[in-house]
Amino acid sequence: MNAPEPLSRWAQPGSSRVPFWAYTDPGLYQRELERIFYGPHWCYVGLEVEIPRTGDYKLSWVGERQVIMVRDRVAPRDRGTDHGIRVVENRCAHRGVRFCQQPHGNARSFVCPYHQWTYKLDGDLAGLPFKDGVKAVAEDGSPCVQGGMPADFDMKAHGLTKLRVEVLHGLVFATFSEAAEPLRDYLGPDVMPWLDRIFQGRQLALLGYNRQRIPGNWKLMMENIKDPYHPGLLHTWFVTFGLWRADQKSRMVMDKHGRHAVMISRRNDGGENKVVTEGVTSFKANMVLNDDRLLDVVPEPWWKVADPANPGTEIMPTVTMITLFPSVIVQQQVNSLSTRHIVPRGEGGFDFVWTHFGFADDTPEMTRRRLRQANLFGPAGFVSADDGEVIEFSQDGFRQWGEEGQTICELGGTGTGGTEHMVTETLIRSMYAYWRKVMDA
Amino acid sequence: MKEALLLQLELDRLNADYAAALDERRFDDWPGFFLEDGHYIVQGRENFDRGLPLALIALESRGMMKDRVYGITQTIFHRPYYTRHVVGAARVLPSQEGDEPGLVRAQANYAVFRTRPGDASEVYNVGRYIDEIVRTDEGLKFRSRRCVYDSEMVLNSLIYPI
């Protein structure tokens with residue numbers, strides 16, 4: 001492994017030109033794991049609804065570390081203050097074994113198969129075989145004890161690694177860091193209203209998963225969903241049917257650090273508008289669907305909220321794409337809702353796990369609608385399949401060039417800050433301004 | 001016995017024709033393997049086994065299939081690739097309560113290999129077809145073809161039908 005190169009290599013001021021080595025340097029990637037994924041940041045691990053009963057668990061990831069998200073027993077008197085969700089590392093304290101191999105299930109306790117060290121659901125070490133040795137008879141006939149752990153072995157000090165856990169409206173986040181601020185502060189008051197809008201006070205219903213392995217650096221996926229420039233150009237469906245394009249009313253929001261963002265927009269009727277469709281090869285003026293149930297959009301009451309930026313007025317977006325640095329994207333695109341979990345796999349690849357959901361009180365028609373619209377998204381989606389593809393091509397391009405290569409993110413200038421339109425790359429610049437700060441410290 | 005063998009042969013021929021249409025990139029022929037309101041579903045095994053309804057692709061008519069064909073040939077940007085389908089022998093399954101007369105339930109294992117320009121061939125998607133087939137004047141048609149894949153990860157994207 002190469003030693004991490006100092007970021008003084010990044011000679012240019014600002015963050016509007018991102019060096020290719022930010023995506024290709026393996027040493028730098030190790031530093032990202034330490035400082036970002038295992039540092040004072042909250043990482044998404046799953047939805048509470050995935051583990052509804054006591055003892056239910058599922059495997060998940062924080063960076064490259066596999067963790068177990070599990071619902072613990074909670075005494076009745078603690079139920080008001082303890083959500084009962086624990087996240088522990090899937091690594092036995094004894095010999096480092098990744099002991100849990102079932103992707104999901106229900107457990108009374110966790111037992112490592114190698115030497116049967118046993119842990120409670122909260123990660124505490126409950127017991128281990130032969131801790132106090134094995135009673136035997138010595139040669140002189142007197143009773144003795146063979147082996148056993150040292151007398152001062154501290155059970156409390158040898159549990160599983162316990163992560164800090166916070167649950168926000170059914171979304172479960174965890175961090176290895178004691179220094180991470182409380183989750184709501186971490187997300188910040190500019191982003192929170194957009195999470196409240198989708199989740200607050202609602203019971204979720206799990207619809208299922210799609211998983212893809214994308215051969216590109218993990219940051220490219222964060223960028224993709226902080227990039228309002230490409231959807232109306234790369235994605236025919238978005239520009240032709242007016243789901244996302246530059247003539248829509250839009251807003252780019254970010255937290256005060258520039259690490260999280262929300263792309264907010266309201267769909268229009270699509271069709272021709274020379275300002276945004278002329279010369280755009282992906283615009284198909286004559287495209288009509290043979291079966292338009294794929295775009296059977298029905299507005300939902302919760303779409304309309306008080307506008308956080310303009311007190312006294314209301315706003316009704318049809319799409320909010322929320323990037324929560326570093327590990328998750330929360331999507332509302334018309335009636336399709338999902339989380340997309342980024343699991344880094346080395347500097348040149350990541351796994352992308354889509355969890356689609358609806359609400360517990362959805363009618364069967366609404367559930368069917370969400371499932372139909374899911375055809376637009378995911379690894380085979382009319383819209384999202386090409387995002388994974390262009391990310392792969394980006395990484396290929398970075399890899400073939402040397403030290404001086406850099407990307408250009410200067411649509412809308414070189415500065416950072418929110419906008420009331422989508423003709424900008426400000427959210428990408430803002431993320432890299434934050435990234436430089438974290439990586440350079 | 002003779003009738004059962006004949007049906008087996010017909011199903012294997014249907015699967016062979018289906019695979020050839022896809023591997024030879026005759027995508028416009030693909031919706032024709034289905035009834036007008038036929039269903040085509042590509043679904044991860046974990047969703048299927050756990051009764052979760054989400055699929056990777058879920059189409060409910062020939063119309064939706066034609067829209068998919070337009071998507072894969074005209075709108076979705078992706079690195080080109082060839083597919084090669086290898087389909088195992090069909091197994092005819094017993095009918096279920098409430099099945100319409102003449103409905104054939106069948107399964108077959110499949111492996112799809114992907115070859116991209118300049119690359120070695122790779123195992124792309126592996127699973128089984130779970131089919132409901134009816135006999136029409138134009139031969140056997142799928143009322144439903146559900147491709148349940150074992151592969152835990154889609155290799156970046158899945159564009160063409162399985």
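**Close-up 1. Helix α10 of chain A and the second largest pocket of this predicted model.** In this predicted model, α10(A) gives the lining of the second largest pocket its largest share, which amounts to 4 residues. Helix α10 (385-399) is joined by α5 (219-224) and β23 (406-408) of chain A, and each of these elements supplies at least two residues of that lining. The second largest pocket has a volume of about 360 Å³, and 16 residues line it, with A:Leu220, A:Glu223, A:Asp227, A:Ser394 and A:Ile428 lying nearest its centre. Sorted by class, the lining of this second largest pocket consists of 9 nonpolar, 4 polar and 3 charged residues.

**Close-up 2. The largest pocket and the elements of chains A and B that line it.** About 590 Å³ of space lies in the largest pocket, whose lining is made up of 28 residues, and those nearest its centre are A:Leu59, A:Trp61, A:Pro103, A:Arg211 and B:Glu152. In chain A, the strands β2 (43-47), β3 (56-62), β14 (204-214), β21 (336-344) and β22 (350-359) each supply at least two residues of the lining, as does α2 (45-50) of chain B. Domain 1 (42-164) and domain 2 (188-439) of chain A each provide at least three residues of the lining of the largest pocket. By class, this lining of the largest pocket has 12 charged, 10 nonpolar and 6 polar residues.

**Close-up 3. A:Leu160 and the residues that it touches.** A:Leu160 is placed in the loop that runs between β11 (143-146) and β12 (164-168) of chain A. A:Leu160 counts as buried because its relative accessibility is 5%, which is under the 20% limit used for that word. Leaving aside residues up to four places away in sequence, A:Leu160 touches A:Val88, A:Glu89, A:Arg91, A:Cys92, A:Ala93, A:Phe99, A:Tyr119 and A:Gly123. From A:Leu160 to A:Met263 the separation is 103 residues in sequence and 38 Å in space, taken from C-alpha to C-alpha.

**Close-up 4. The cysteines A:Cys144 and A:Cys409.** A:Cys409, in contrast, is buried, since its relative accessible area is 4%. Over all chains, the count of disulfides comes to 0, where a disulfide would need a pair of cysteine sulfur atoms within 2.5 Å.

Note on methods
Residues are numbered from 1 along each chain as its sequence is written. Chains are lettered from A and ligands numbered from 1 in the order in which they are written. This is a predicted model: local features need pLDDT of at least 70, side-chain atom pairs count only at pLDDT 80 or more; totals for chains, interfaces and linings use all residues. Side-chain values use heavy atoms; hydrogens and water are left out. On a 1 Å grid over the protein atoms alone, a cavity is a set of points where a 1.4 Å probe fits but cannot get out, and a pocket is an open set with protein on both sides within 12 Å along at least five of seven lines; lining residues have an atom within 4 Å of a point. Grid points are joined across faces, edges and corners, and a volume is the space filled by probe spheres set on the points. Ala, Val, Leu, Ile, Met, Phe, Trp, Tyr, Cys and Pro count as nonpolar, Asp, Glu, Lys and Arg as charged, and the others, Gly among them, as polar. Domain bounds come from an automatic or database domain assignment. Buried means under 20% relative accessible area, exposed over 50%, partly exposed in between (1.4 Å probe, protein chains only). Contact means heavy atoms within 4.5 Å.
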